[in-house]
Amino acid sequence: MTDVTSAKTARRPHHWRRDLIELAALFTAVAVADAIANLIGHQPDGPYLLIASAVALTATAAFHTWWARRHSHAPPPAADDVPADGSRAATVDADAPETDSAPAETVLWRMRTTVRDAPGSLAALCIVLARHRIDILTLQTHPLAEGTVDEFLLRAPAALPAPQLTRAISEAGGSSTWIERADTHDLVDAPTRVLGLATRTALDAAELPLALRQLLGRCTIHSLPAVSITGRATGETAPVEGVLEETVMRLRDPSGGVITVERPYLPFTPTEFARARALVELDARLGPRVPRSEHVLTLPEGNAITVRRADRGDLEAARAMHDRCSEQTLRLRYHGPVRDADRYLDHLLSPRFGRTLAVQTASGRTVALGHLLWDGDETEVALLVEDDWQRRGIGSELLARLVALAVEAGCESVYAVTQASNTGMVAAMRALSLPLDYQIEEGTLVITARLGGATRARSLPPYEQAGH
């Protein structure tokens, strides 16, 4: 191993030639000074001339020292301060204000503002951000008919309040400024994020609403079918190219009907509308698709069951399970007339409205269904277990997996609508070990589970991981 010594502490070699030259120069200077002193000292005014010369030389040396300190350049950096590539570090201006060497605490912000489409508009914003010691991490531009929307991801000092930054941006020419806190997930650049969302959508049709929500930020998404559960036309439709109306966009649903996206706090830009429409077009070209992986479980009593994703291809098996269920079981699940139970299945099994898990026996018979349904800003969970297979732990297993899917989708909470007499559903919700809120209205019990950080760390089942 080679011992490397710093240049500051390295011992320099002794050069005897240089010492000899310096000694000779000293003797020469003494001889010249003695000759001048003898020559001038014997004159009548010699002592005065010597004193005046000494004063003049002293004044000249003092002036030279002052001038050198005032206008000299900074010394070159030490050898150990030079970068490995040989380049010199930038010298620090002596007039620059001193800053604390300790790094200040920072936060991430997402900011969007509209500026005039003119040279220097963006530069004025960047100058304001630099004055407030704000680092620009990413920048996207959204051209409009008049002006341009600039979207920034910023790292700013934690002590800088958002209203102060907004006022500064307004003074620099920005208008309609919007700002909110960001997190590390926003550090992914826009093309990478869009490609990731396209991949998820290509693998699973149920991902389209979630992909739109992650693409467009905080927004409300509704999938409105072209035909209602009762078989009547709803009249919900949209042109193939879609419709953009400031804070609302309407996109034609590939499975029929329309997808509406609302974001009241921030108008959509044409760029965002084009990206959303591209995702919907990708979904339409690929057609219905659901990951076909399975997960086999063994119940405490020894029976093996298979849990897998379900779609409209399982419609007949689901109807057969309805026929084997009692009226009480169907009534607790659908909260309405039992004769309408089959009408809900086509909607529930559509991947556009959520995700469905099916439980099959070793013989291939479907004995349970679990639904995770997108309901605007909220997410609903629902279970149906055939009478002969109840109280065997199937409901709790399905519910835990549905909650894991909700966590993966970024949901903050899930709710279940049931009745107080449905002790099985109440027990399954309590078994999640999550904070629960209870609301009772006209005999209907709504249980809401808040998904915290501990739940987000829960791993997904292998059959779900294989699907992404």
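## Basis of the report

Ala, Val, Leu, Ile, Met, Phe, Trp, Tyr, Cys and Pro count here as nonpolar, Asp, Glu, Lys and Arg as charged, and the others, Gly among them, as polar. The model is predicted, and local features need pLDDT of at least 70, side-chain atom pairs count only at pLDDT 80 or more, and totals for chains, interfaces and linings use all residues. Residues are numbered from 1 along each chain as its sequence is written, and side-chain values use heavy atoms, with hydrogens and water left out.

## The chain as a whole

The secondary structure of the protein chain consists of 14 helices and 16 strands; helices (H or I, at least four residues) and strands (E, at least two) are DSSP runs, numbered from the N terminus. Of its 468 residues, 37% count as buried, where buried means under 20% relative accessible area, exposed over 50%, and partly exposed in between (1.4 Å probe, protein chains only). The accessible surface of the protein chain is about 27,600 Å², and 55% of this belongs to carbon and sulfur atoms; accessible areas come from the Shrake-Rupley method with a 1.4 Å probe, and for residues only the protein chains shown count as cover.

Among contacts (heavy atoms within 4.5 Å) between residues at least 6 apart in sequence, 63% join residues at least 24 apart. The count of disulfides, defined as pairs of cysteine sulfur atoms within 2.5 Å, comes to zero. Cysteine 126 is partly exposed, at 28% relative accessible area, whereas cysteine 411 is buried, at 6%.

## The largest pocket

On a 1 Å grid over the protein atoms alone, a pocket is an open set of points where a 1.4 Å probe fits, with protein on both sides within 12 Å along at least five of seven lines; lining residues have an atom within 4 Å of a point. Grid points are joined across faces, edges and corners, and a volume is the space filled by probe spheres set on the points.

The largest pocket holds about 1,600 Å³ of space. It is lined by 47 residues, and Asp186, Arg213, Gln214, Gly217 and Arg218 are the closest to its centre. By class, this lining divides into 14 nonpolar, 12 polar and 21 charged residues. Helix 5 (residues 190-203) gives the largest share, six residues.

## The second largest pocket

The second largest pocket holds about 770 Å³. Of its 36 lining residues, Leu383, Val385, Asn422, Gly424 and Met425 lie nearest the centre. Elements giving two or more residues to this lining include helix 9 (327-334), helix 11 (394-408) and helix 12 (423-430), while strand 13 provides the largest share, six residues. The lining has 18 nonpolar, 13 polar and five charged residues.

The buried residues of helix 9 are Thr329, Leu330, Leu332, Arg333 and Tyr334. They pack against helix 8 (315-324), helix 10, strand 12 (366-375), strand 13 and strand 14. Histidine 335, which follows helix 9, has a positive phi, near 55°.

Aspartate 387 lies in the loop between strand 13 and helix 11 and is partly exposed, at 27% relative accessibility. Not counting residues up to four places away in sequence, aspartate 387 touches Arg324, Cys325, Ser326 and Thr329.

## Threonine 260

Threonine 260 lies in strand 8 (residues 258-262) and is buried, with 7% relative accessible area. Beyond its neighbours within four places in sequence, threonine 260 is in contact with Thr220, Ile221, His222, Leu224, Met249 and Arg250.
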